[in-house]
Amino acid sequence: MSGWNYVVTAHKPTNVTHSCVGYFTNPQELNLIIAKCTRIEIHLLTASGLQPMLDVPIYGRIATLELFRPPGESQDVLFISFERYKFCVLQWDAETGLLVTRAMGDVSDRIGRPTDNGQIGIVDPDCRLIGLHLYDGLFKVIPIDNKGQLKEAFNIRLEELQVLDIKFLYGCAKPTIAVLYQDNKDARHVKTYEVQLKEKDFGEGPWLQNNLDNGAGLLIPVPLPLGGAIIIGEQTIVYYNGSVFKAIPIRPSITKAYGRVDSDGSRYLLSDHNGMLYLLVISHDKERVSALNVEPLGETSAASTLSYLDNGVVFVGSSYGDSQAYTSFRRNNILMPKGDFSNLILQLIRLNHQADAKNSYVEVLESYVNLGPIVDLCVVDLERQGQGQVVTCSGAFKDGSLRIVRNGIGINEQASAELQGIKGMWSLRASSSDVYDTFLVVSFISETRILAMNTDDELEETEIDGFDSEAQTLFCYNAVHDQLVQVTAGSLRLVDAKTRRQLTEWKAPAPMTINVATANASQVLLATGGGNLVYIEIGQGTLVEVAHVQLEYEISCLDINPVGDNPERSNLVAVGMWTDISIRIFALPSLTLITKEMLGGEIIPRSVLFCSFDGIAYLLCALGDGHLFNFTLNPATGELSDRKKISLGTQPIALRTFRSKNTTHVFAASDRPTVIYSSNKKLLYSNVNLKEVNHMCPFNSASFPDSLAIGKEGELTIGTIDEIQKLHIRTVPLGEHPRRIAHQEQSRTFAICSAKYAPGSNGEDMETHYVRLIEDQTFEIISGFPLDPYENGCSIITCSFTDDSNVYYCVGTAYALPEESEPSKGRILVFSVEDGKIQLVAEKEVKGAVYNLNAFNGKLLAGINQKIALYKWTLRDDGTRELQYESSHHGHILALYVQSRGDFIVVGDLMKSISLLIYKPEEGAIEERARDYNANWMTAVEILDDDTYLGAENSFNLFTVRKNNDAATDEERGRLEVVGEYHLGEFVNRFRHGSLVMRLPDSEASQIPTVIFGTVNGVIGVIASLPQDQFLFLQKLQQALVKVIKGVGGLSHEQWRSFSNERKTVDARNFLDGDLIESFLDLSRNKMEEIATSLEVSVEELHKAVEELTRLH
């Protein structure tokens, strides 16, 4: 039963919707404040760039964001209004480093039609009032008194119904607004009004300007001494202040965002829909404007918001490209940077008088990844390691890209060298007292090389005289009394670390050779042929053979890593055996057998390791086929318990410990390298973002602290390790807009439907659409298929048909002809992949847009305009195949989203919510079984289980419906009952079954089914269906947390999460807010205790329960 769901964000929103700059946290320090729809980030502008100060969720979708400074205060406060008609004024509390709510309220009206062009929220430059345009024909005023307090709001009637923009003008005795509007003949005008606070009405404004450019869409008020406003159109830019009128023509473009450069308003940055950045310069003599100039500066991401920071640095916030911090270069000395660059920024920016080779004056300093808008996504296990990666179609227009999002550990490469045939690696300190490692010993099949860091921080070859460099090293280590040990097949050598001379040598008795070796600071363990096990103790300049036993089989691996109290001595050794496939534990110094654990199977143990995490000792044992056993070890008795087995890869694994951030972890090197670590006394496994790793050793050198040396095929890399568990995003820029994606396991490819934009002859952008084939390892486009003019790719799947062993890509298209309101024609295309090329096998013309396709029991199910049609794959007489229509079901407005399971079909309609159809194979007919009678405008659907279906709709809500199998009457059975409702605050474009994390057989989280979703704002989220008892416990925890964690701006969590659209608002039910629940882990200990007490559990238990949930993503 999937009725109890837990919704959590795996990747926060990245789509920048608003930004502003001001002195918010301190009167002397400049801040950049960024809104990402439901989050606010505050950054500090420092000499070395932007420094994040705060990133908080907010219980509302931000509609407007403005900084203003109340009278008589030394720093700015932040005014935010929300899409659900709430507002708040926030102030920074320097002592706690948190946001404090100065004022809040509700500005909704009982009547009124919400504006089509979005909400407008503006603050008078002299801080006398805040103006809001939320409903057509009304202008709401919130007066501000001279102490900076907000007074009661009131509405003024506004004659102009189609308002495009409203701004306050500078330097007016009474607060004055300029209104840009469109009349009922589609002409555009600007009118000004004085706001009379006493009379609560408008007075006539100082000027008006009729009949502007038909594309006029943006007003920029100009500060004193000039005053007036700039009106930005699609073909002209006009400046007007009642007396002076200046206009210049511009290249046709739609300006999306502007940013003021100078405080006197003589220069503005403009960004258009193509991401071109322009500089608008107003030439003036302090009183009169003499000319306007527009200079192109270069290309950026298409901006949704521009904030000029300082010194030629600009923040470009983008809704569909990566957000960037830019610098603008000087040009003809127009853009003169003010102030002085500190030397730290100079490393990032070079200020030139000239443009670069591409005639651009723009240099990117930093890019912040934006996943939004996620139009489509698929979950694939490319590495075949039981862990999903999400591949998203992100961005729009020229900023389109594929993003590969995976959970795991990043290795940041610091240095690398080509080295073939590495057989083993160890790091050594020059002296036991050193903090850092000096030498890296690299062993090859017939020699050993020693590398060391030189003064230029480069690895170069060096010598340790006492070492045998003509043989393969099996093991080496820093021993007691400032000595080094080296083991080769012929002997064990003891070397003085200071003089680097050999002190003594132990040779294997002829004809034996040493096969396997291990050592710690004071003990050496060797296996010679014929199952001989030799234990040697290291003294000052001496090697003493203490014990020797003969075992009945050959030895495959050894470990003597100390896990007891003494870090230099071990009382136990672990031995992995050939033939009987066992691990044995012997006691030292006598080598008496304590424990024998049979592993079963036929694959020998390749690597054993004692280690301790969180104070618990473990024995890890890795096999030659990529399986890993872990046992809990009793260090006193050598007993093993709690045996667990997990698959980490398919190749032999080599285990090594390393330290990172003062904790010990284990690195398992194999074809799918993994880091093993512990959290809350549980072993966890995290993938490393590297392909095959053969050898690894810690290399903590002065120039590369806390690094790892990694031996891959033909290469030695030194890198530092990232945070243990986080999402890594790789970007594959396409330069075109990917719309749909599917993966095909058999051909190891992705296919995408994409749109390419190119400027046409008439200045309009021309669209051409393609089906592209992409290799799933390199992500290179290897083949393409152009669609017809006006033909768009609407859906793509990979599927196979009855009686045909091949696997195909099926693409559904629509002809979007300019004269049609709804497509009347489309095609279903069937492609095969042969030799890396995409070949058209069959096509079927249909009457409408093929909005989606599903593989359906060996047939093809299509949603075409208002009907659902089923096609079968038939063989023609000439041996070719074609799609043949079988049956259909009508009665939808537009069948946009279809999912199927068995013979059941779930349809998400444009506006008729979810319906359930059933296919009856005997009659070959599709019938409606049940439907949800609510009017929801759907954006995505998914089947959670046989009876429960999940939907997302266009007011940012999620809901689940269930079919009533056991209802008494037909009418009730024909109704899908709504069982869960929740306001996500995000527009979901796609649900997919799958998981972002490695599913471990022994963790509770692995039993929980999850669905991943992608949204317009770049959020990747997870919906997990929980067992009822766990859900009820977490519900109590959520209720307790709401009382302790107060929403920013005084907004209510309960109201925010309540399901709300134009027709109804109801409390959330059967959904939990995972982001709120997981914020428990960030609380102070006192608050944790307060919550634990109210739930009558211990803090430890609660902490563990919540941490287990974080493993879902």
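Me: A nonpolar core is a set of buried Ala, Val, Leu, Ile, Met, Phe, Trp, Tyr and Cys residues joined through side-chain atoms within 4.5 Å; buried means under 20% relative accessible area, exposed over 50%, partly exposed in between (1.4 Å probe, protein chains only). So which residues have the most contacts inside the largest core here?

Reply: Before that, remember this is a predicted model: local features need pLDDT of at least 70 and side-chain atom pairs count only at pLDDT 80 or more, while totals for chains, interfaces and linings use all residues. Residues are numbered from 1 along each chain as its sequence is written, and side-chain values use heavy atoms, with hydrogens and water left out. Now the core: Tyr-6, Leu-78, Ile-80 and Ile-1091 have the most contacts inside this set of 60 residues. Its largest share, six residues, is supplied by α3.

Me: How do you know where this core lies relative to the domains?

Reply: Look at who contributes. Domain 1 (17–106) and domain 3 (375–407 + 730–1026) both give residues to the core, so it lies between them. The bounds come from an automatic or database domain assignment. There's also a second, separate core of 31 residues, with Phe-439, Ala-452, Val-495 and Leu-526 among them.

Me: What does Ile-1091 touch?

Reply: Contact means heavy atoms within 4.5 Å. Leaving out residues up to four places away in sequence, Ile-1091 touches Leu-1037, Ala-1040, Leu-1041, Val-1044, Phe-1080, Leu-1083 and Leu-1102. Leu-1102 turns up again in helix α7, as one of its buried residues.

Me: Why is Cys-799 called buried?

Reply: Because its relative accessible area is 3%, Cys-799 falls under the cut-off. Cys-810 is buried too, at 0%.

Me: What makes His-481 and Ile-581 worth a look?

Reply: Each has a positive phi without being a glycine: near 55 degrees in His-481 and about 50 degrees in Ile-581. His-481 sits in the loop between β38 (473–479) and β39 (483–488), and Ile-581 in the loop between β47 (572–577) and β48.

Me: Are those two buried or partly exposed?

Reply: His-481 has a relative accessible area of 46%, so it is partly exposed. Ile-581 has 6%, so it is buried.

Me: Which peptide bonds are cis?

Reply: One joins Gly-372 and Pro-373, with omega about -20 degrees. Another joins Leu-588 and Pro-589, where omega is about 5 degrees. Pro-589 lies in the loop between β48 (582–587) and β49 (592–598).

Technical notes. Helix = DSSP H or I, 4+ residues; strand = E, 2+ residues; numbered from the N terminus.
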